[in-house]
Amino acid sequence: MTLLFDAALVVVLLGLAAWVVLARNAFAAVAAFIAYGLLLTLAWLQLHGIDIALTEAAIGGGLTGALLIGAVIRLRTAPPAAPATSMTLALAAIAAATTTAVLAACVLALPDPAPTLAPLVADNIAVTGVENAITAVLLAFRSMDTLLEAIVLLFALVGAWSLGADSAWPGRPGFAQSAPPNGILAYLARILPPIGLVIGVYIFWTGADNPGGKFQGATILAAIWLLTMAAGLTDAPRVGSRWLRAALVAGPLGFIAVGVFGSYSAGAFLALPPEAAKPLILAIEIALMPTLTLILALLLPGPPQRTSS
Amino acid sequence: MNDTLLYGLTACALIGLGVFGLIANPAPLRKILAFNIAGSGVFLLAGAVARRGAAAGFGGDPVLQALLITGIVVAFSATALAVALVLRLNAVTGDVTLAEPPAEPTDDND
Amino acid sequence: MSALLDLWTVVLVSAGAVFYLAGTVGLLRFPDALTRLHALTKADNLGLGLVVLGLVPQVGGVIIGIKLVAVWLLVMVSGACVAQLIARLVRHGSDPAP
């Protein structure tokens, strides 16, 4: 019965992916991509990755979808690119078929029993003081990955900002929004923020013991902020603003500070002394949360576009 | 046929579709979309492998699952940067194709 | 008692699925954006509501049940607002999908 559901889900996923790739209309392709992201969330649930399902729904489907819709609307006036020659199409088909065949052979040849690190995590999770294994991996066992991830996000934002025209520097990202102040969008942007704030902080807080965490929570907070920006109730901060820049580096710097503390108290960079593991994990998360919210939200409007107001 | 095999093979097909779109579709925005399809296929493949590693009371290998969360976030940041590049290319040249030599860079006042 | 609750779940979730099916058929078959919106908003609000109400006895906790109902209310608020926004775009003749 479950396999029947899996099979139906897989068929729809493949159909949507084919639509994303083959659709003539770019807007239709983006719409299909958002539906694809949401259905992929179900696939993650079937694979017992609830934390991944939350991340996929929030970032893979939601935030990426909003980003691509904005891009496709701004590119509407661009002239269409020359269609691919039949030579290119044939090459692409061969490359795709070869990739799929080789990977499928690898999947069929996966070793049995599968290698796993789960027993190691189960043996050592008690030391960290958190109960969600994913959070323990992200912030204790492999915290170097999470530190580098936070820095990658920061670099992506710096990269996007550096694409701004000289004349717009150091102005505000994105275009001014002019939604009617008493319109339905402004109404939505007034009633949703309190609810979104509670849900975002809850998802962040419960991530220590249940599925959830700072990325998912930060995405919800970022979405709420973007909603108020789209409704014209708030405006994106100037990229030259000192508080913004300080807040953007505060998260990674706090993380590095905890890491340096670890090299004194526990003998290695980013090591956590067992008696203080939980408070230090919490310190990292609280330091990262505002930075992640700012970066995830500001990656959408992109480079600065306006110098005034 | 068990569920990990089903999702693993689906992931391979998704990667193939993404590779096809990446090469065959001339518009950069569509290449970004295709790249995301291929990326999600890679994630799904790793997710199937993680599910096979279910042990010690976990529904999947938590180390691999945590790395997937990192992967999804990094893929979003790469997509955002790529979209910013395409929009800037469009603002400067009025075009979105990578095929022809770029026009004279002009100071745009958009 | 549990058989009655199961029956409640089966009936309501099935009814919800019927509304989803009707909404999807309307989305695919109706001729223009406004009628498609009509099919989608009505059917989805009611369909999701029935599914949520059907599932509430199965989740084994008051708090989780309240969370499920909260999901339904949030979807209704955002669905209604987005439907208004799309309808306004259509009326002013700037369809977002060319």
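Within chain A of this predicted model, residues 24 or more positions apart account for 73% of the contacts that have a separation of 6 or more. Chain A contains 11 helices and two strands, and buried residues make up 43% of its 309 residues. Two pairs of chains are in contact, and chains A and B share the most contacts.

**Chain A: overall layout**

- Read from the N terminus, the elements of chain A follow the order α-α-α-α-α-α-α-β-α-α-α-α-β.
- Taken along the principal axes, the box filled by the C-alpha atoms of chain A is roughly 60 × 55 × 35 Å.
- The UniProt record, an unreviewed entry, assigns the feature "domain: Na+/H+ antiporter MnhB subunit-related protein" to residues 184-292 of chain A.
- In the model, residues 184-292 of chain A are 73% helix and 0% strand, with 29 Å between the end C-alpha atoms.

**Helix 9 of chain A**

- Helix 9 of chain A spans residues 214-230 and has 17 residues.
- From its first C-alpha to its last, helix 9 of chain A reaches 24 Å, close to the 24 Å expected at 1.5 Å a residue.
- Helix 9 of chain A is largely enclosed by the rest of the structure, because 17 of its 17 residues are buried; a residue is counted as buried if 20 or more other C-beta atoms lie within 10 Å of its own.
- After helix 9 of chain A comes A:G232, which has a positive phi, near 80 degrees.

- In an unreviewed entry, UniProt lists residues 6-25, 32-51 and 63-87 of chain B under "transmembrane region".
- Residues 6-25 of chain B are 95% helix and 0% strand in the model, and their end C-alpha atoms are 28 Å apart.
- Residues 63-87 of chain B are 100% helix and 0% strand, and their end C-alpha atoms lie 37 Å apart.
- The contact between the two chains involves 85 residues from chain A and 73 residues from chain B.
- On the side of chain B that touches chain A, the elements giving two or more residues are helix 1 (3-24), helix 2 (28-52) and helix 3 (62-93) of chain B.
- Helix 3 of chain B supplies the largest share of that side, with 24 residues.
- Sorted by class, the side of chain B that touches chain A comprises 46 nonpolar, 18 polar and nine charged residues.

**The largest nonpolar core**

- The largest nonpolar core has 130 residues, of which A:V20 and B:L33 touch the most other members.
- Helix 3 of chain B gives the most to this core, contributing 15 residues.
- Neighbours within four places in sequence aside, B:L33 is in contact with A:V20, A:A29, A:V30, A:F33, A:L68 and B:G21.

**Chain C**

- For chain C, the UniProt annotation "transmembrane region", from an unreviewed entry, covers residues 6-28, 48-66 and 72-90.
- Residues 48-66 of chain C are 68% helix and 0% strand, with end C-alpha atoms 15 Å apart.
- Residues 72-90 of chain C are 100% helix and 0% strand, with end C-alpha atoms 26 Å apart.
- Chain B and chain C are joined by no contact, and their closest C-alpha atoms lie 16 Å apart.

Notes:
Residues numbered from 1 in each chain as written. Chains lettered and ligands numbered in written order. Predicted model: local features only at pLDDT ≥ 70, side-chain atom pairs only at ≥ 80, totals over all residues. Helix = DSSP H or I, 4+ residues; strand = E, 2+ residues; numbered from the N terminus. Expected span 1.5 Å × (residues − 1). Buried ≥ 20, exposed ≤ 12 C-beta atoms within 10 Å, placed from the backbone. UniProt positions renumbered as here; feature names shortened; annotations may be inferred. Contact = placed C-beta atoms within 7 Å. Nonpolar A, V, L, I, M, F, W, Y, C, P; charged D, E, K, R; others polar. Core = buried A, V, L, I, M, F, W, Y, C linked by C-beta atoms within 7 Å.
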